[in-house]
Amino acid sequence: MAKQLTKGNEAIVKAAVLAGCRAFYGYPITPASEIAEAAARYLPRAGGVFVQAESEVAAVNMLYGGAAAGVRSMSASSGPGISLMQEGFSYLAGAELPCVVADIMRGGPGLGNIAPEQSDYNQVVKGGGHGNYRTLVVAPHSVQEMADLTTWAFDLADQYRNPVVVLADGFIGQMMEPVEFRAAKVVPPPPEWAVLGTAASRKNLVTSIYLEPDALERHIRRLEAKYKHAERNVVRAECWRTDDADFILVGYGIVGRILKAVVELARARGIRAGLVRPITLYPFPSAEIRELARDAKGFAVVELSTGQMVDDVRLALEGRAPVEFFSRVGGNAPSAEEVLGFLEHKWGRAATRYEEIPEEVILHG
């Protein structure tokens with residue numbers, strides 16, 4: 001298929017339709033609104049359904065209904081809307097319903113602003129709803145990956161009967177790049193557990209309530225085993241110029257792209273730097289990061305937040321190497337030169353541009 005110049009948000013919808021998605025329930029919110037707009041345009045053409053719900057709470061519960069009917073279904077939102085969906089995420093995971101949700105992150109807390117941040121990490125990756133559940137989370141760093149990881153997300157959702165979140169910052173959602181879309185998949189038939197409103201499916205019951213303690217414990221342990229299986233089998237990360245690296249940078253989404261430039265600048269100054277870019281945020285690439293600690297002298301995590309993924313990096317390393325932290329927030333992104341100055345200061349080199357960095361953006365690990 002020929003490449004198309006496509007905005008990140010629109011790439012998600014095109015890939016979803018090609019992957020067999022036939023139902024979208026959502027409510028517009030900047031910087032994710034183009035997803036709902038594109039879904040309204042493309043889903044009906046493919047014989048699917050687009051519903052603009054009255055709120056994000058309504059959307060996530062409609063998503064429950066669509067998934068329970070065995071239809072490949074999705075929704076999308078941004079920080080404040082994702083917050084409203086958290087109870088629904090718990091119900092979807094508890095009822096083992098496959099679906100995909102795109103979160104195009106904006107500044108917070110509260111209404112914040114509409115500029116890009118990465119401050120939804122904890123509520124999405126750790127599970128912001130109640131109970132012992134997890135959502136699988138993938139993090140694209142390009143418009144091509146917005147398409148590819150959305151396709152994969154639907155496959156993961158069906159494989160694990162679990163919600164999957166495509167977690168992208170506003171930069172990736174709003175940028176335009178050439179994208180090569182995969183060929184359309186055959187829309188799968190409804191699974192045997194689906195509730196179809198027919199006599200044959202009358203026996204099916206989709207629920208997350210288990211009133212007996214032993215029954216609920218068995219259910220939770222089965223969910224736990226499913227998540228452990230995912231941790232062993234679906235981890236993805238990009239390791240870039242890490243073979244001889246003394247210092248490892250860690251960042252996801254748009255930050256991963258910035259850090260590639262930092263690696264090149266650092267190597268030009270004699271600092272052997274490399275990059276680990278997590279592609280799955282849950283399951284997290286802990287083993288890959290831990291393995292690099294055999295030779296690396298230090299790690300530096302860069303985020304568009306005050307520090308959320310950095311906790312997972314520290315847990316992965318288990319004290320094997322020091323971890324520094326640098327961030328910008330509020331919709332600001334660091335330049336490669338800013339990060340380089342921070343690293344030169346931290347790792348003991350003369351920083352020719354370090355003095356130019358505002359003190360308020362230099363955060364210590």
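What is the volume of the largest pocket? In this predicted model, the volume is about 370 Å³. Residues are numbered from 1 along each chain as its sequence is written. As the model is predicted, local features need pLDDT of at least 70 and side-chain atom pairs count only at pLDDT 80 or more, while totals for chains, interfaces and linings use all residues; side-chain values use heavy atoms, with hydrogens and water left out.

**Figure 1. The protein chain has 12 helices and 14 strands.** Helices (H or I, at least four residues) and strands (E, at least two) are DSSP runs, numbered from the N terminus. The radius of gyration, taken over C-alpha atoms, is 21 Å, close to the 21 Å that the globule rule gives for 365 residues, so the chain is as compact as a globular protein of that length. The globule rule is 2.2 Å times the number of residues to the power 0.38. Along the principal axes, the C-alpha atoms fill a box of roughly 75 × 50 × 40 Å.

**Figure 2. The largest pocket is lined by 20 residues.** A pocket is an open set of points on a 1 Å grid over the protein atoms alone, where a 1.4 Å probe fits, with protein on both sides within 12 Å along at least five of seven lines; lining residues have an atom within 4 Å of a point. Grid points are joined across faces, edges and corners, and a volume is the space filled by probe spheres set on the points. Closest to the centre of the largest pocket are Arg134, Tyr227, Lys228, Glu231 and Tyr282. Two or more lining residues come from each of helix 8 (213-233), strand 12 (280-282) and helix 11 (309-317). Helix 8 gives the largest share, 6 residues. The lining divides into 11 nonpolar, 2 polar and 7 charged residues. Here Ala, Val, Leu, Ile, Met, Phe, Trp, Tyr, Cys and Pro count as nonpolar, Asp, Glu, Lys and Arg as charged, and the others, Gly among them, as polar.

**Figure 3. The second largest pocket holds about 300 Å³ of space.** Of its 15 lining residues, Ser90, His130, Gly131, Ser208 and Leu216 are the closest to its centre. Helix 4 (79-94) and helix 8 each give two or more residues to this lining. The lining comprises 8 nonpolar, 7 polar and no charged residues.

**Figure 4. Phe325 lies in strand 14 (residues 323-327).** Phe325 has a relative accessible area of 4% and is buried (under 20% relative accessible area, 1.4 Å probe, protein chains only). Phe325 and Gly307 are 18 residues apart in sequence, with their C-alpha atoms 7.6 Å apart in space.

How values were computed. Buried < 20%, exposed > 50% of the residue type's maximum accessible area, 1.4 Å probe, protein only.
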